[in-house]
Amino acid sequence: ILTPEELAFLAGTTEETIRELVALDLICPRVREAAEDGFGVENIPAVRRILRLQRQLQVGLDSMALVLDLLDRIDELERRIRSVNSGESGERVREI
C-alpha cells in the first residue's frame, strides 16, 4: 500500500495532485483511514495516464472523467469490431 506521497513520487506528480484526483473520483484509494489514504500500485499507471492525457489534450482535471469514459467506450467499440470481424457473428464491420 502506497501513501499519497509515495504515489505522487512514483507517478511523477505532487501529493496535492493526488488529493485532487481522489476528490474528482479519478483514482480510488484501497484504504481510507482518518489519517491517510492508501493506494495500490495499479494507481501509478492510472495517474501517469491521466496526467499525460491532460497535457496532450490540454483539458482540466475536472473534464478528465469524461475523457476517460469516452476512451473506454472507444476501446469497447474497437473490441466489438474485432470480435465481429473475427467471424463470430458471420458479418463484418468496417473499421474506423
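## Burial and overall make-up

Of the chain's 96 residues, 30% count as buried. The model is predicted. Its secondary structure comes to four helices and zero strands. Along the sequence the pattern reads α-α-α-α.

Contacts across the sequence can be split by separation. Among contacts between residues at least 6 apart in sequence, 43% join residues at least 24 apart.

## Packing of H1 on H3

Two packed helices are described by the angle between their axes and the distance between the axes. Helix H1 spans residues 4-11 and helix H3 spans residues 43-57. The two pack at an angle of about 60 degrees, and their axes are 9 Å apart. That angle makes H1 oblique to H3. The crossing of H1 and H3 is right-handed.

Which residues form the contact of H1 with H3? From H1 come Leu7, Leu10 and Ala11. From H3 come Asn43, Ile44, Val47, Arg48 and Leu51. By class, the residues of this contact divide into six nonpolar, one polar and one charged.

Aspartate 37 lies in the loop between H2 and H3. Is aspartate 37 buried or exposed? Its relative accessibility is 18%, so aspartate 37 counts as buried, the cut-off being under 20%.

Leaving aside residues up to four places away in sequence, aspartate 37 touches Leu2, Thr3, Pro4, Val22, Pro29, Val31 and Arg32. One of these, Pro4, falls within H1, which runs over residues 4-11. Another, Val22, falls within helix H2, residues 15-23.

Most residues other than glycine have a negative phi, and most peptide bonds are trans.

Aspartate 25 sits in the loop between helix H2 and H3. With a relative accessible area of 59%, aspartate 25 is exposed.

Glutamine 58 is found in the loop between H3 and helix H4, which covers residues 64-85. Where does glutamine 58 stand on exposure: buried or exposed? Glutamine 58 is exposed, with a relative accessible area of 72%.

Side chains of opposite charge can pair when their charged atoms come close. How many salt bridges does the structure hold? There are five.

Glutamate 15 is partly exposed, with a relative accessible area of 24%. Arginine 19 is exposed, at 52%.

Glutamate 42 and arginine 30 form another salt bridge, with an N to O distance of 2.8 Å. Both residues lie in the loop between H2 and H3, so the pair ties together parts that are 12 residues apart in sequence. Glutamate 42 counts as partly exposed, at 40% relative accessibility. Arginine 30 is exposed, with a relative accessible area of 55%.

The side chains of glutamate 76 and arginine 79 meet in a salt bridge of 3.0 Å, N to O. Both residues lie in helix H4. They are three residues apart, about one turn of the helix. Glutamate 76 counts as partly exposed, at 30% relative accessibility. Arginine 79 is partly exposed as well, with a relative accessible area of 44%.

Which residues do salt bridges with shared partners join into one network? The members are Glu76, Arg79 and Arg80.

Definitions and conventions:
Residues numbered from 1 in each chain as written. Predicted model: local features only at pLDDT ≥ 70, side-chain atom pairs only at ≥ 80, totals over all residues. Heavy atoms only, no water. Axes fitted to C-alpha atoms, helices over the stretch in contact; angles between N-to-C directions. Parallel < 35°, antiparallel > 145°, perpendicular 65-115°, else oblique. Left-handed = near helix turned anticlockwise from the far one by under 90°. Contact = heavy atoms within 4.5 Å. Nonpolar A, V, L, I, M, F, W, Y, C, P; charged D, E, K, R; others polar. Buried < 20%, exposed > 50% of the residue type's maximum accessible area, 1.4 Å probe, protein only. Salt bridge = Lys/Arg side-chain N within 4 Å of Asp/Glu carboxyl O.
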